[in-house]
Amino acid sequence: MPQVSKFFNRLFSGNSPSADPDATVHPSKARIIPRDQHHISRKDISSSALKVLNGLHDAGHQAYLVGGGVRDLLLGLKPKDFDVATDATPEQVKKCFRNSRIIGKRFRLVHVFYGREIIEIATFRATTTDSTPSDQTISRTCPDSGMITRDNRYGTIEEDAIRRDFTVNALYYNIADFSVVDFLGGVDDLHSRQMNIIGDPATRYREDPVRMLRAVRLSTKLGFTIADHSEKPIAEMAQLLQQVSHARLWDESLKLFLSGHAQETWHKLKKTKLADSLFPQTIKSLQSKNSTTFRAFIEKALASTDERIHQGKPVTPAFLFAVWLWQPMLDRQQNFIIKHCAPAESFNKACSKILAEHHQQIAMPRRFSTVVREIWQLQNQLWKRQGKRHERVFAHPRFRAAYDFLLLRAIPGSEEEKLAQWWTDYQQASIDQRATMVKALNRQTNRKRRRKSGKVNTTSEKGPSRNE
Ligand code: ATP
Ligand code: MG
């Protein structure tokens, strides 16, 4: 991106206020980057976002594009969404746009609707540091944990910048003169490709532990490093994720793993110990002695998810969760079997237990946990191909996911690999060829049965029993 580096080179360098972790952040003078010194063009901003910015400006309010939109445009990337910040209150904003609605209890925001696109408008917000409510305070409670649960006090643009998470996310594009406003050294950090949390990292992670996940997600997406002082406390504070709403963690995990960087994200989550809080059962299984196969299975599944996303193919998060929880489920099933529980019952109990335990970390909606269970159940059904059974398995709505799951977990040279190959051939075969394949299978089974009755020890056609 030569254009981008030219732009950065033209900027004078300065110290990022977040470079000293103990410093209280006081945004002094904003660095204003005029239009002729950056390359954000209105052509790159969605027409809906421009309508909102101009609408607010024409009504006499301040209007800025802010957050990931500005960051991505400066990097020459296509923003995922456009967020707007203004000095107008939600009520004043609502008056400007008929197609708008005030939303949110925690943060009151305005959504403006243009077909399928929604532009989110936030009034400049400040985070109170004392318990004295200001006149403008709507509500905020700050429990002992240090976690912010409500922070709806309106503030100035400088205060709004400080309460954002990373310096690169606190850049403002001013529709009044098309300049970029930088209070906290975000432009320098974009230049040096670093994620710097604003203020004291431990305090900011305590206020909202999801910021630790955002550090991992955004640094991976942008190919940035997390600055040392911003990364260091994460491992010690990772367990704070347990205080975050399980539903919010589900939303965050979709963003983490369905953006085309799942494999790298997983490595960073493990390195920073965030994975221990999000996936404790998986991490426990990975720490056991024979975890090589499971480790390889996860890696392959994440790589294949990334590949599918880059190819524009559909992916379901249920597939990845089925992968992460597979070994924990098998381990649990084994525990039930040791306690003399029948295999089928052990399987059902293990599925329910593992999914219920996992729900304590991440609230996977039922429509997805049902798919996880179906993928697991089909791992057993895929062995059952005689008579008309192959047709039933093949017609199952989850056949394709279960087949992909088998392909990824099959070790070279194993019975599972032979089974996966059989289903690969089956899918490519004509109806007649399929009938021939099943006949051959029946002959093979009969031969094995005869040998068995002659007390010859062989592997059953069903393959190594697992989920019955
Ligand atoms: P993406 O490319 O995923 O949209 P983003 O940075 O734009 O990245 P959003 O969730 O759209 O992420 O958030 C918009 C902006 O809101 C961020 O850039 C940041 O300024 C602010 N923000 C979001 N989450 C937090 C948080 N947990 N704490 C502080 N500020 C936040
Ligand atoms: Mg965004």
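**Reading ring pairs and salt bridges**

Student: How many aromatic pairs does the structure hold?

Tutor: A pair of aromatic rings is described by the distance of the centres and the angle of the planes. This structure holds 22 aromatic pairs, counted where rings of Phe, Tyr and Trp (its six-membered ring) have centres within 6.5 Å, with planes under 30 degrees apart called stacked, over 60 edge-to-face and the rest tilted. One of them joins Tyr64 and Tyr172 edge-to-face, with 5.8 Å from centre to centre and 90° between the planes. Tyr64 belongs to strand S2 (residues 63-66) and Tyr172 to strand S9 (residues 171-174), so this pair ties together parts 108 residues apart in sequence. Helices (H or I, at least four residues) and strands (E, at least two) are DSSP runs, numbered from the N terminus. Please keep in mind that this is a predicted model: local features need pLDDT of at least 70 and side-chain atom pairs count only at pLDDT 80 or more, while totals for chains, interfaces and linings use all residues. Residues are numbered from 1 along each chain as its sequence is written, chains are lettered from A and ligands numbered from 1 in the order in which they are written, and side-chain values use heavy atoms, without hydrogens and water.

Student: Is Tyr64 buried or exposed?

Tutor: Buried means under 20% relative accessible area, exposed over 50% and partly exposed in between (1.4 Å probe, protein chains only). Tyr64 counts as buried at 9% relative accessibility, and Tyr172 is buried at 0%.

Student: What kind of pair do Phe319 and Phe405 form?

Tutor: Their ring centres lie 5.8 Å apart with the planes at 80°, so the pair is edge-to-face. Phe319 sits in helix H15 (residues 317-324) and Phe405 in helix H20, so parts 86 residues apart in sequence are tied together. Phe319 is buried with a relative accessible area of 9%, and Phe405 is buried with 0%.

Student: Which residues do ring pairs link into a cluster?

Tutor: The cluster consists of Trp250, Phe257, Trp266, Phe279, Phe321, Trp324 and Phe368.

Student: How many salt bridges does the structure hold?

Tutor: Side chains of opposite charge can pair when their charged atoms come close. Here there are 18 salt bridges, each a side-chain nitrogen of Lys or Arg within 4 Å of a carboxyl oxygen of Asp or Glu. Including one between Asp188 and Arg31, at 3.1 Å from N to O, the list reaches across the chain: Asp188 is in helix H6 (residues 186-191) and Arg31 in strand S1 (residues 31-33), 157 residues apart. Asp188 and Arg31 are both buried.

Student: Where do Arg398 and Glu374 lie?

Tutor: The two form a salt bridge, with their closest N and O atoms 2.9 Å apart. Arg398 is in the loop between helix H19 (389-395) and helix H20 (399-409), and Glu374 is in helix H18 (residues 366-381), so the pair ties together parts 24 residues apart in sequence. Arg398 is partly exposed, at 27% relative accessible area.

Student: How many residues apart are Arg400 and Asp404?

Tutor: Both lie in helix H20, four residues apart, about one turn of the helix. Arg400 counts as partly exposed at 47% relative accessibility, whereas Asp404 counts as buried at 16%.

Student: Which residues are linked in a network of salt bridges?

Tutor: Arg71, Asp72 and Lys221 are.

Student: What lies over the face of Phe178?

Tutor: A charge sits over a ring if NZ of Lys or CZ of Arg is within 6 Å of the ring centre and within 35 degrees of the ring normal. Arg42 is placed over Phe178, 3.8 Å from the ring centre. Arg385 lies over the face of Trp422, at 4.8 Å from the ring centre.
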